[in-house]
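Hi everyone, thanks for making time for this. Let me bring the structure up on the screen, and then we can walk through it together.

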Amino acid sequence: MKNFSRFARGTGVVLIVLAIWEILGRLELVGQGALPAPTQILAQLWKDRSDYPPHLSVTLKSAGTGFVIGNIIAIIAGAIAARFRIAETLLRGLGMSLFAVPLIAIVPVLLLAFTGTTPRIILAAMAVYFPTYIATMNGMRNVDERLVDVVMVAGGSTTDVLRWIRVRSALPYIVSAFRVAAPAALLGTLLAEFGGGTRWGLGTYLLGSLGQANPSRLWSIGLVATAVAASAYMLFAFIGARLTQSSMSATVQTSLPMGGATGPWWKRLGGGVISAGVVLGLWALVLSILDMSPVVAKSPFAIVRYLTTDPRASVSRSRLFDAYSETLPLALIGLLCGLAAALLLAVILSLRPALGRAVLPFALVSQTMPLPALTPLIVLVFGRSILATVVVCVSVTFFPSFVTILQALATTSPAAIDVVRVSGGGRLKSLRFVGLPGAVPAMVTAARLAAPRALLGVMIAEYLATGDGLGNLLNESRGRLDYGMIWTVATTSVLVAVLITQLFGLAEKLTRQ
Amino acid sequence: MSTLQEVAGGALRVQNVERTFALKDDVVRALDKVSLEVPVGSFISLIGPSGCGKSTLLRLLAGLESPDAGSLLIGDKTPNEMRTAGRLGVAFQDPALMPWRSVWKNITLPLQVMGKPVKDFKTVIEELISLVGLQGFEHALPSQLSGGMRQRVAIARALVTEPEVLLLDEPFGALDEILRRTMNLELQRIWSARRPTTILVTHSIEEAIFLADKVAVMSARPGRIIEIVDVPFERPRVPEIMRSSEFHHLADRLSELLFAGGGH
Ligand SMILES: Nc1ncnc2c1ncn2[C@@H]1O[C@H](COP(=O)(O)OP(=O)(O)OP(=O)(O)O)[C@@H](O)[C@H]1O
Ligand SMILES: [Mg+2]
């Protein structure tokens, strides 16, 4: 009964919002028609219905292939890392890079090296690697030791433990990582489609529709992309629910055990250097396998030369510097706004649960909408401005931060709250003295998890719309066939992103002490 | 069969075994110079206060851990050799069932680990299931069973490989008194059929006497065996012996030893 009334109220809120949206759209009150009414969007979708199958099938095929390949690699890597500490150290750099890298920075490089839909498949695979890798490793490691004993007593070896226990125990974790990985694969594919490759693909369609002054079409493409991402998510949520009788936490543990290599600082530093070496080694290996012309393909050394001894090095350096000084502050502002919004909603939810619950569905939808499809819509509504970029950033950082903060607020010790209550404080007081201080470390964690998304959000906005910063530099360099810059942006953005997450990781450690 | 021959050679010999655990700023002497002999095919009960090292000793015998000093032998084999040969049956204090496997599949697990074809054991498994009173629950998942039922699955699992050495760590601790008595009788029956060398850890003095040829009493901190008491009753034993004065006498003696050894 209670569930039903809650459901009814939720539906009511959605209907009211749709109605307001319809009025706003019909009267063209937002950005002179930038926000079409829901019925207009559906009408456009119907009109374009024959466009979708070819585009959608190419996108689904690329994303699906990338999803499978990336997950196979991630599961194997995770299993090895669970078994051998040394492998975990070696693979840490790779995982960290793939977690932090703004994928769009890799697109031009992939387009130099591969043709057709291959870049899309690779980018999708890169996008799914990290969540599945972490889930596999944790799932295989954290098994019930008593079950291990049972297998050992029956004469089992470590291989038997792997076969009979570790794989099965890790399964729910892996499936719940798939929930996150499936939309990520779509995101990777869409981003790579922006770069070209073939005439088909939802991303290509979106890019082609950008200049057509037809907001309804952009919205309907966004709607379709969201539907795809949401159904992929729900498919794995469903399988996961069937798999685990006991319910699992709604979020995958994406926190890379940051300094996870515990021990003296020199050991951790050594591990870091070695695992960075692995990434560089992989890079060199791929280049040598692909056998590309050195004019197009740049080794790490070539990039260093490009930025130092090359005759035009100082020009390149200043262009790069200018781009970063445009992009990074925006990403930071967006991240902070996203965190603030997340904190605000989390606080509202803990003070006025009903109010918060009404807002939540919309937060969820904004979460499933693939960023490449969402960005043009935000730009439509807010114009090609800094504001649009910040809004994009907020929309990607908000939800994960919200979940993290809410968990922290929910777990503040009841005893401490009682102390406040006994001294005459109400909900607000206990929030101020107990909840908020407790949420500070969670805010830092949220910042670490959201920082890469913030960077990606800003770069996509720049790439598609505002023509500033790093995103634009990528675009320009492709146009000018400035291969050195293409590789430099890709490499430095990985480095910068990893550095930023590491800094937040450090801050996280300090606040948790 | 040749394996039965090997049962005959498998007396259990524990000599001066020591095991300490390092805690943060403390060391626990879980076992201090423990020695114990269990002849082939005999049944020993192990009683002692909580934390005196009973489970630790069983884990050492199961080859799951190694002693810091001293030796453990089963015949001329180390526990680890016995373990890898799949010749041990162990029921832990905690049922430790795989939550994703049904009752039937939990019982077949040791066979699968040993690489034996499960279908050859179909009748054995069916017998075991009826023995532990779980007919009709073959396809239930552990989460659908009561604590006592789960423990009975664990016992069936320990027996399915027809082990030569049986190590039971408070297998009936979670059962009610009536079921416990029934299970005691059943255990005696199963055990008499093949006579695996058995160590049973229990908190119940009655159970210890009723089932065993000898009862070893341990003391805590440091964990030591302070006395080994013979149980004179003929087999097969019937529940009525528990009312005999001889039984009561023995029980009194054991509880005195327990209290003297720091029990409560
Ligand atoms: N893995 C371990 N690490 C640290 N200490 C341990 C470990 N295992 C056992 N101990 C310690 O060794 C001592 C003996 O433990 P053990 O589990 O063998 O006791 P027990 O006799 O089985 O007790 P109970 O009757 O409560 O099951 C205890 O003090 C326990 O704290
Ligand atoms: Mg114990």
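Let's begin with helix α19 of chain A, residues 469-479, where G469(A), L470(A), G471(A), N472(A), L473(A), L474(A) and S477(A) are buried. By buried I mean under 20% relative accessible area, with exposed meaning over 50% and partly exposed in between, using a 1.4 Å probe and protein chains only. Helices here are DSSP runs of H or I with at least four residues, strands are runs of E with at least two, and both are numbered from the N terminus. Just after α19(A), L481(A) takes a positive phi of about 55 degrees.

A word on the ground rules. This is a predicted model, in which local features need pLDDT of at least 70 and side-chain atom pairs count only at pLDDT 80 or more, while totals for chains, interfaces and linings use all residues. Residues are numbered from 1 along each chain as its sequence is written, chains are lettered from A and ligands numbered from 1 in the order in which they are written, and side-chain values use heavy atoms, leaving out hydrogens and water.

Staying with chain A, let's look at its surface. Which residues form a nonpolar patch there? They are V68(A), I72(A), I76(A), I80(A), F84(A), I86(A), L90(A) and I274(A), and together they have about 710 Å² of accessible area. Patch members have over 30% relative accessible area and no salt bridge; like charges are joined within 9 Å, and nonpolar side chains (Val, Leu, Ile, Met, Phe, Trp, Tyr) within 5 Å. The areas come from the Shrake-Rupley method with a 1.4 Å probe, and for residues only the protein chains shown count as cover. The largest share, four residues, comes from α3(A). F84(A) sits in the loop between α3 and α4 of chain A, and F84(A) is partly exposed at a relative accessible area of 42%.

Now for the rings. Over all chains, a search of the whole structure finds eleven aromatic pairs. Rings of Phe, Tyr and Trp (its six-membered ring) pair if their centres lie within 6.5 Å; planes under 30 degrees apart count as stacked, over 60 as edge-to-face and the rest as tilted. One of these pairs is Y129(A) with Y133(A), which is stacked at 5.3 Å centre to centre and 10 degrees between the planes. Both tyrosines lie in helix α6 of chain A, residues 118-141, four residues apart, or about one turn of the helix. Why does that spacing matter? An α-helix has 3.6 residues a turn, so residues three or four places apart point the same way. Are these two buried or exposed? Y129(A) and Y133(A) are both buried. Elsewhere, ring pairs link F67(A), F178(A) and F236(A) into a cluster.

There is a charge over a ring as well: the charged end of R49(A) sits over the ring of W46(A), 4.0 Å from its centre. That label requires NZ of Lys or CZ of Arg within 6 Å of the ring centre and within 35 degrees of the ring normal.

Over to chain B and the magnesium ion, ligand 2. Its protein donors are S55(B), through OG, and Q93(B), through OE1, lying 1.9 to 2.4 Å from the ion. S55(B) is in helix α2 (residues 54-61) of chain B and Q93(B) is in the loop between β5 (88-91) and α4 (103-113) of chain B, so the pair ties together parts 38 residues apart in sequence. Donors are N, O and S atoms within 2.8 Å of the metal (3.2 Å for Na, K and Ca); water is not among the atoms, so sites may look incomplete. S55(B) is partly exposed at 24% relative accessibility, and Q93(B) is partly exposed at 42%.

Finally, salt bridges, meaning a side-chain nitrogen of Lys or Arg within 4 Å of a carboxyl oxygen of Asp or Glu. The whole structure has 30 of them over all chains. In one, D32(B) meets R224(B), with the closest N and O atoms 2.6 Å apart. D32(B) lies in strand β2 (residues 27-38) of chain B and R224(B) in strand β9 (residues 224-230) of chain B, so this pair ties together parts 192 residues apart in sequence. D32(B) is buried at 7% relative accessibility, whereas R224(B) is partly exposed at 39%.
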